[in-house]
Amino acid sequence: MQYAASRHAVWLGAAAIVTDQVGRVLLVHPTYREDDRWLLPGGVVEPGEHPHVACRREITEELGLPDLPLSGVLAVHSLSPRHPDIRSGTPCPGEIRYVFDGGTLTLDQAKAIRLPREELSEFAFFETRDAVQRLRPVDGQIMLAAYRARLGNTATAHLADGRHILDIPALDRHDVHVRYRPLWDSPLNRGPVPERLSVQQAWAWCFVPDGRVVLVADPGPRGALPMLPGGTVEKTDPTPEDTLRREAAEEAQLTLTDPVRLGWVLDETGEVYGGVGPNARLRLAVRVTAIGPAAVDPATGHPFARLLATPAQAAALLGWGPPGARQAQLAAETAQEHWGLALARPTAIEEVPAEGMRLS
């Protein structure tokens with residue numbers, strides 16, 4: 001009995017990563033916090049309660065969503081009682097927090113959210129780059145590690161004071177974020193590009209032999225944003241396919257072959273290209289025959305991170321929502337039909353080695 005009484009007690013918490021259809025993370029704004037910080041939905045585990053039961057209870061109480069499934073544990077975090085993010089004077093003995101995967105809300109589910117006004121003043125969906133600005137620093141680190149574990153299909157993240165205690169996954173190592181893209185819901189037109197429209201952009205689903213695709217992530221002061229290889233069509237490029245080959249070689253050191261046009265997305269204004277007016281953004285599938293050593297991108301002056309992901313994972317990272325998932329499926333089916341590539345099985349996102357890869 002004396003030994004048991006001598007053991008330390010800690011708080012036990014449970015929270016969930018819940019997103020909208022384009023990958024923005026749901027946060028709630030509590031009325032009781034003096035520091036005006038936001039929180040992930042969740043709360044304190046009651047005596048005798050299991051963390052997953054507490055998380056479901058809190059989501060029901062806070063959001064009015066009683067049937068939200070929790071599909072797995074994304075992160076387990078331990079907070080020391082002397083962490084600088086603990087408000088001075090708070091008698092915190094430390095905390096263990098479980099972060100569960102609360103999935104993606106449909107539009108109807110998001111509209112059905114009802115808050116307890118005495119506890120929460122509002123909720124909102126934020127890009128991860130904006131969400132971390134609204135959370136306490138340690139809460140932001142937890143949120144990012146948990147969400148990236150979901151995106152990257154990696155094992156449960158084990159964290160201490162906001163830091164990984166095991167190997168750091170590729171998405172965390174490169175500080176990769178999902179970015180909301182204004183044209184995410186634009187339909188993919190499957191026919192040829194009309195003659196009246198210029199092609200201003202060529203991006204491709206670049207397949208390696210095991211059915212995964214290569215993404216590039218452009219580092220920046222607010223984190224790295226993932227993209228399909230490709231870029232803006234220059235006047236010196238004979239065709240958009242030549243644009244793709246040039247950009248993929250410069251950004252990711254890829255050698256490409258057998259490009260297949262999947263379709264095009266209409267850009268009504270061309271604002272990003274200097275206001276050129278209506279234009280087409282081309283989407284292709286292509287086969288990667290070689291990946292060379294990492295090199296500096298001449299346009300930016302720094303190397304890009306190169307990631308290998310399944311098409312479905314790539315669509316989630318791109319923030320294209322359901323249309324992106326359908327485009328990813330189309331690209332995978334095209335690769336299967338044209339080159340006999342198998343559909344990639346769910347696996348952890350990996351980084352292409354700095355020395356490149358030999359592809360059979």
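I looked up R97 and found its side chain in a salt bridge with E95, at 3.1 Å from N to O; I count a salt bridge when a side-chain nitrogen of Lys or Arg is within 4 Å of a carboxyl oxygen of Asp or Glu. The model is predicted, so local features need pLDDT of at least 70 and side-chain atom pairs pLDDT 80 or more, while totals for chains, interfaces and linings use all residues. Residues are numbered from 1 along each chain as its sequence is written, and side-chain values use heavy atoms, without hydrogens and water.

R97 is buried at 12% relative accessible area, and E95 is buried at 13%. Here buried is under 20%, exposed over 50%, and partly exposed in between (1.4 Å probe, protein chains only).

Next I checked R150, which forms a salt bridge with D101, the closest N and O atoms being 3.1 Å apart. R150 is in helix α5 (residues 137-152) and D101 in strand β5, 49 residues apart. Helices (H or I, at least four residues) and strands (E, at least two) are DSSP runs, numbered from the N terminus. D101 is buried, at 12%.

I then noted T19 in β1 (residues 11-19). T19 is buried, at 0%. Beyond neighbours within four places in sequence, its contacts (heavy atoms within 4.5 Å) include L105, F125 and R150.
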